[in-house]
Amino acid sequence: MTALELLAPAKNLACGIAAIDHGADAVYIGASRFGARAAVGNSVDDIRQLCDYAHRFCAKVYVTVNTIVYDEELDATRQLLSELREAGVDAVLVQDMAVLSMCQLPLHASTQTDNRGVEKVRWLREQGFVRAVLARELSLEEIATIHREVPDMELEVFVHGALCVSYSGICYASQHCFRRSANRGACAQFCRMPFSLVDAEGREVEHDRYLLSLKDLNQSDHLLELAEAGATSFKIEGRLKDISYVKNVTAAYSQQLNRIVSRYPDKYCRSSLGVCSYTFTPDLRKTFNRGYTTYFLHGRQPDIASFDTPKAVGEFVGTVKELRADSFNVAGVSSFANGDGLCFYHGHQLEGFRANRVVGNRIYPYRMPQGLKAGVRLYRNSDQEFERLLAKPSAERRIPIRISLQAIADGFQLTAVILSQSSALAPLTVRFAAEHQEAQKPPRENIIRQLSKLGDTIYVCSEVEIPDDFNYFIPNSLLSEMRRSLTEQLQESRKQIQKLVSAEAQEKSADRQVTAVDAPPAYPYPYLYNIANRLSQAFYGADRQSAYELKGGAGPIMQCRHCIRYSLGYCVKRGGKRPVWNEPLSLRLGDGRSFRLEFDCKNCQMNVFASE
């Protein structure tokens, strides 16, 4: 049976706890340093608290230590890894190979290590990694091939959230333009900037459009396909997102995974314990999004980019019907609230405004937006009523148990079984010495009521089993003591299981042998090894060039599967329109800096070079 894991983001402790409460099987979070989102670091103490909370449900916590590390940071990195181990972290995500020699925790190869093929994933497995976070660009067929060729490697795939236009770990645009390295957690969002597309003669093909900005990923309808291809961990992007995003998206994907488990109970199960109840209906349309795409899941698709805006578009809510001087009404079934954020496309620009006052389907903005007219499609990117629901306690997670009561020779025996979604885990039994007293009236109803009172524990009693011929009186005080003892032992038993699992994983990691690599993966440009310290240099070999951040490089600053020529309908390889320009094409920023495009049709890839 395959255990499926929903992996949710956490920018802080509160988001991490919310993710667990709303159905995550695991959470990934950044520490105070060395994470690929430098703006959202967390103390080791907060991470320890998150581990304690997650482990109550046998959920896991992974910490991102996935930046490249400079020589002067090696000691601090080693110290952090030791502290994370003591805090109970289940694994760390890694980019820099220097970490291998320092870490006694299970290692996950971050997507920053550019994991897009069988050879790379096999090589990572040989280095001691237990999981590879695959490149976002991979198709189902490519994922299935990797799983078939490297079956003993756990595969993690992104299923929701923002998309990087470049293969992760080999994007140097932010470093080149702003001295802010994406490999150091300081990406300046170069790909969300407006560019003009210029041909070799200096003619503009496109003017000030967001030609590298992609829509957001949404694979919620394709989780079963991904599982069948060999993915076991489904990752939600969003360590910069707020708690409302975490709650809504986690709940939506958790429900989808539950449907798969219910449909195939003999094949799949969830990797953690607990059943969630919600005070809201999850809706991915209401969460920050630039429009959704399945990216390359089923091969190259034409509509993956968001050329007109890098901002949130949200959900379609209707069509503008009739305008007055201070208001307009909307044709559709959506309801609105004061303060809703609304937007519409005016030419190639997205214009946004707030609903100052709402009366039925008539909206009164603070100021009527220019460009709004009848027939325009209206979107909502901030739903006030939905946000109010999520601002309150919005989920509760409990572990269902089945309790059985039996009479034994010198008293009574309680047995509890923790119920997962697909099977019953090992039972736990407690015995109590007590005199048997025949009941004067049927005892069943009171016994069930007393044993079911699990209060503020993380357990909920799904069923109390009592033999049909059971006719003994048990005082409520004894029933309460039996119930309390049972739940305490359940807690202790679960803790011991978690400790054994963690100890076994750490023991295997402690035995990991790190040596210089005879045959590192073949890259076309030497700085793509991202070598920034002496340990990484020794690992790859002295002849390998230092990272782009240290010495620059003559190769591309981006490698993209996204292709502007294809998206504009001019892909020669796939029978597109005849180009109306002379190549090479370049992207030009408003300040005049330009970036040459190379269309590598053999590999179906677009490379972006910094112009000399």
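Which residues does Phe234 touch, not counting residues up to four places away in sequence? Phe234 touches Leu4, Glu5, Leu6, Leu7, Val157, Val159, Leu223, Leu226, Ala227 and Leu257, where contact means heavy atoms within 4.5 Å. This is a predicted model, in which local features need pLDDT of at least 70 and side-chain atom pairs count only at pLDDT 80 or more, while totals for chains, interfaces and linings use all residues. Residues are numbered from 1 along each chain as its sequence is written, and side-chain values use heavy atoms, with hydrogens and water left out.

**Nonpolar cores**
- The largest nonpolar core has 161 residues, and Phe234 is among those with the most contacts inside it, as are Leu84, Val92, Leu212, Leu226 and Met558.
- Such a core is a set of buried Ala, Val, Leu, Ile, Met, Phe, Trp, Tyr and Cys residues joined through side-chain atoms within 4.5 Å; buried means under 20% relative accessible area, exposed over 50%, and partly exposed in between (1.4 Å probe, protein chains only).
- Apart from this core lies another, of 14 residues, including Val320, Phe336, Val358 and Val376.

**Ser306**
- Ser306 is buried, at a relative accessible area of 5%.
- Leaving aside neighbours within four places in sequence, Ser306 is in contact with Tyr210, Ser213, Leu214, Lys215 and Arg290.

**Cysteines**
- The structure holds zero disulfides, a disulfide being a pair of cysteine sulfur atoms within 2.5 Å.
- For Cys343, the nearest cysteine sulfur is that of Cys191, 20 Å away; Cys343 is buried, with a relative accessible area of 1%.
- For Cys604, the nearest cysteine sulfur is that of Cys571, 6.3 Å away; Cys604 counts as partly exposed, at 22% relative accessibility.
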